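Colleague: I am new to this structure. Please pick out one part and take me through it closely, then show me what surrounds it.

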Amino acid sequence: MSQGEDLGGRVQTRSSIAVPIVEAIGISKRYGATIALNSAQIRVMPGESHALVGRNGAGKSTLVGILTGLRAPDTGEVRFAGEPAPSVADREAWRQRVACVYQHSTIIPDLTVGENLFINHQPERNGLINWSSLRRQADEVLARWNVDVPQDMRAGDLKVEQRQLVEIARALSYGARFIILDEPTAQLDGDEIKRLFVRIRELQSQGVTFLFISHHLQEVYEICQQVTVLRDARHIISAPVADLPKERLIEAMTGEQVHFGFADAAGRVVPADAPVALKVEGLAGEDFENVSFSIRRGEIIGISGATSSGRIGVAEAIAGLGKFTSGSITIEGSPLPSGSVPAALAHGVGCVPKSRHIEGLVLGLSVADNTTMTIANKLGPLGFISPKRRGDVTRALIQRLGIVTEGPEQPVSSLSGGNQQKVVLGRALASQPTVLVLIDPTAGVDVKSKEALLAVVENLRREGKAILVVSGELEDLRTCDRVLVMRHGGVVAEHKAGWSDNALVASIEGIAA
Amino acid sequence: MSVDKNLGASATPGASLSMGRVAIARLRDLALLPALVALVIVGSLVSPVFLNPNNITTILTSSAALALIVLAESLIMITGKFDLSLESIYGFAPAIGAMVVIPAAQFGFGMELPTWAGIMVVLAVGGLVGFVNGFLVVQLRLNAFIVTLAMLIVLRGMLVGATSGRTLFDLPDAFYGLMVITFLGLPLAVWLAAVAFLIAGLVLRYHRLGRALYAIGGNPEAARAAGIRVERVIWGVYVLAGVLAALGGLAITGYVGAISANQGNGLIFTVFAAAVIGGISLDGGKGTMFGALTGVLLLGVVQNVLTLAQVPSFWIQAIYGAIILGSLIIARFAGGQVQQ
């Protein structure tokens with residue numbers, strides 16, 4: 001399947017009349033020995049929401065870079081509304097055609113919202129910035145695109161949701177009507193995602209076209225009309241989402257038929273005599289209170305809830321990353337002090353923290369350095385590290401977790417997202433913990449790595465570890481024996497394995513099922 | 001497309017690639033060696049005396065004090081912090097140590113403590129200043145750059161104030177010991193610097209504390225999540241750096257034979273130049289002791305060659321600065337290629 005197939009005669013007929021707002025044909029790009037794109041193509045029609053999906057490393061970000069004019073393709077052509085794209089040097093022209101809202105903020109936090117809207121093209125009078133005019137124009141832009149944020153607010157105080165809208169409004173104010181959203185929902189909770197989708201539909205009806213990048217296929221079906229799949233640097237398929245059921249979409253992304261290989265927890269029974277490894281009683285902290293539960297060896301407990309529900313606070317307290325003010329955490333019968341990672345490690349708690357880029361990895365260091373960071377005092381006499389033992393430990397973890405790497409000495413910065421996440425898990429496992437705390441363990445990894453990571457979790461359960469999975473993603477929670485749902489800092493519901501998606505989502509969102 | 005149909009075939013290029021990467025990482029350490037060799041060749045052309053063992057000894061001797069303070073700064077930079085005040089410690093600590101020993105008539109404090117106590121005071125003052133810097137940076141979370149800049153000025157002012165700007169002469173012999181006592185023809189200071197670099201290099205590579213410095217410099221949050229006591233380690237490094245800078249000050253005291261109120265003034269620029277040329281990153285988390293040492297030696301050789309070439313002394317500084325710039329550019333290219 002080297003050539004992309006084009007499904008959907010309906011769109012074909014329409015496209016013969018309408019001109020695509022953006023079209024990229026035969027795009028190839030190499031970086032040294034790596035082929036990032038191999039004669040890839042995409043065609044986005046005006047007014048549609050077009051999904052771009054593919055596994056990590058499929059070439060999505062390279063294509064986005066080329067569509068936004070940040071990189072020039074080696075071969076191939078980009079056209080906007082039938083016209084050839086401007087030269088890469090002409091940033092102004094690109095900005096009038098296309099904008100990308102990245103996961104990472106591109107606003108300047110210490111300036112006001114208004115200034116951010118007009119960065120580097122402030123309204124002037126006699127060569128000086130005309131502040132009153134800037135404020136007035138900023139109000140107009142925000143009002144026109146219905147962004148409910150005061151223009152004099154400090155941009156750094158915006159919530160993620162507001163920040164995205166401000167960035168969209170900024171792009172629209174330049175005249176661009178084609179906007180790329182790079183995983184816009186990754187940092188939003190359920191309500192915020194709903195609001196974002198409402199806004200996307202509104203803007204769409206006003207003639208704005210979106211290219212939507214997401215790992216959450218459900219969202220693709222919810223918001224997009226058309227989807228393009230990339231795999232291994234190639235274009236695989238472009239089709240209306242309605243013509244492409246989820247299994248076929250996943251198949252196009254992975255190149256093989258996939259069913260999640262890990263076992264659903266329903267029907268699994270944890271022996272009643274399995275010892276309790278983790279006991280949490282009346283735990284309270286900054287954003288949670290009166291949380292109690294216990295986990296036996298060989299059991300997986302999930303905690304779900306919105307981002308602000310306090311679930312992360314509970315998990316970080318158990319891992320020693322955060323503090324608790326009252327209540328107790330008991331590991332194998334011995335109480336854990338508050339807020340000390342070394343103590344948590346000594347008690348046998350391993351943790352995959354919330355973000356691999358923030359607390360998870362030292363990107364410049366090697367796989368071996370990162371995985372053995374939690375056990376650096378156990379690799380030789382007097383704190384000295386035996387290179388051989390370090391290599392052995394690392395190689396064992398690489399094999400056990402299936403990390404694709406050149407070897408223990410490769411810097412983690414050059415690994416793919418899924419493999420980086422496995423290194424974080426390796427770091428948690430290196431200390432041979434009895435209790436594992438996994439916070440959003442599959443965030444930002446592709447379908448296949450997700451499957452591999454969850455399969456590892458299941459293996460660890462069989463080995464008799466007590467596992468706490470704290471996640472907002474239903475797939476992560478599927479392996480849990482019980483799922484606790486938190487809202488506003490307290491546990492509000494408990495679902496036994498075998499829950500239905502609707503019931504769980506309803507209790508996470510606080511609506512009656 | 002005949003790529004990795006079977007795992008055996010794909011494993012081989014992977015393995016050779018990883019060998020290549022490790023080899024390149026070592027090469028980066030050696031990036032300055034060609035420049036150093038070139039300088040040695042230039043030196044031997046400029047003056048027949050250059051390769052003379054006596055001249056080599058001179059280069060090593062004159063570099064020893066700088067080496068100790070560069071070592072101190074490198075350790076701090078690897079954790080992602082700064083210490084500008086090291087140059088003031090370099091003058092302040094030996095001066096205070098001397099003034100508790102020498103009589104009031106020689107501008108001492110009049111305490112006339114025994115000499116060994118004076119030497120202890122030198123090291124203790126260095127450690128104490130490092131402790132205070134660490135407290136301000138770690139506990140009060142003040143910006144390291146600005147805190148240590150203030151400390152630099154405070155210490156310099158205290159030194160000038162305590163000595164009324166005068167130079168301290170006729171110190172007890174022990175204050176000159178690092179330069180006067182020799183072993184195998186080289187002064188103690190050279191051996192001390194060599195041993196210090198060797199130990200630091202080994203600890204950075206093979207000890208958990210050393211690896212912790214890189215982890216903290218690379219990503220302090222990740223280091224904390226892995227159980228490293230980030231604050232304690234940084235604080236400890238500040239104390240150690242203070243002691244090393246004080247030792248460097250003792251070495252230069254022996255070299256010069258006196259302590260002026262200006263001792264170390266402006267030295268911090270040379271220190272940063274040597275460390276950065278040697279591959280220690282200003283952003284933290286990167287660099288090796290071998291690299292830092294080649295940085296020191298490069299600057300030492302440059303000084304020596306310029307002197308031997310009888311460059312007019314008014315021009316030495318300009319040329320010295322230009323050579324530092326040139327080395328930075330070379331080091332950048334050597335590093336840049338590796339990154340791709």
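Predicted model: local features only at pLDDT ≥ 70, side-chain atom pairs only at ≥ 80, totals over all residues.

**A helix and its surroundings**

Now the helix itself. H14(A) runs over residues 387-401, which makes 15 residues. From first C-alpha to last it reaches 21 Å, close to the 21 Å expected at 1.5 Å a residue. Which residues of H14(A) are buried? They are Arg390(A), Val393(A), Thr394(A), Leu397(A) and Ile398(A). Viewed down the axis of H14(A), the buried residues fall within an arc of 135 degrees, so they line one face of the helix. Turn to the face pointing away from that buried side. There you find the exposed residues Lys388(A) and Gln399(A). Just after H14(A) comes Gly402(A), with a positive phi of about 65 degrees.

Next, the domains. The domain assignment divides chain A into domain 1 (9-105 + 160-254), domain 2 (108-157), domain 3 (258-348 + 436-441 + 464-513) and domain 4 (350-432). Take domain 1 and domain 3 of chain A. Their centres, taken over C-alpha atoms, are 36 Å apart. Five residues of domain 1 and six residues of domain 3 make up their contact. On the domain 1 side, helix H9 (residues 246-254) of chain A gives the most, with three residues. That side of domain 1 divides into one nonpolar, two polar and two charged residues.

Some strands of chain A are worth a look too. Strand S2 (residues 22-31) and strand S3 (residues 34-44) of chain A run antiparallel, joined by seven bridges. Within this pair, Tyr31(A) has Thr34(A) in S3(A) as its bridge partner. S2(A) also pairs with strand S5 (residues 75-80) of chain A, again in the antiparallel sense, over five bridges. Here Ala24(A) has Val78(A) in S5(A) as its bridge partner.

Last, the other chain. The contact between the chains takes 28 residues from chain A and 25 residues from chain B. On the chain B side, helix H1 (7-29), helix H9 (208-218) and helix H10 (220-225) of chain B each supply at least two residues. H9(B) provides the largest share, six residues. By class, the side of chain B that touches chain A has ten nonpolar, eight polar and seven charged residues.

Key
Residues numbered from 1 in each chain as written. Chains lettered and ligands numbered in written order. Helix = DSSP H or I, 4+ residues; strand = E, 2+ residues; numbered from the N terminus. Expected span 1.5 Å × (residues − 1). Buried ≥ 20, exposed ≤ 12 C-beta atoms within 10 Å, placed from the backbone. Arc of directions from axis to C-beta. Pairing = 2+ DSSP bridges. Contact = placed C-beta atoms within 7 Å. Nonpolar A, V, L, I, M, F, W, Y, C, P; charged D, E, K, R; others polar. Domains from an automatic or database assignment.
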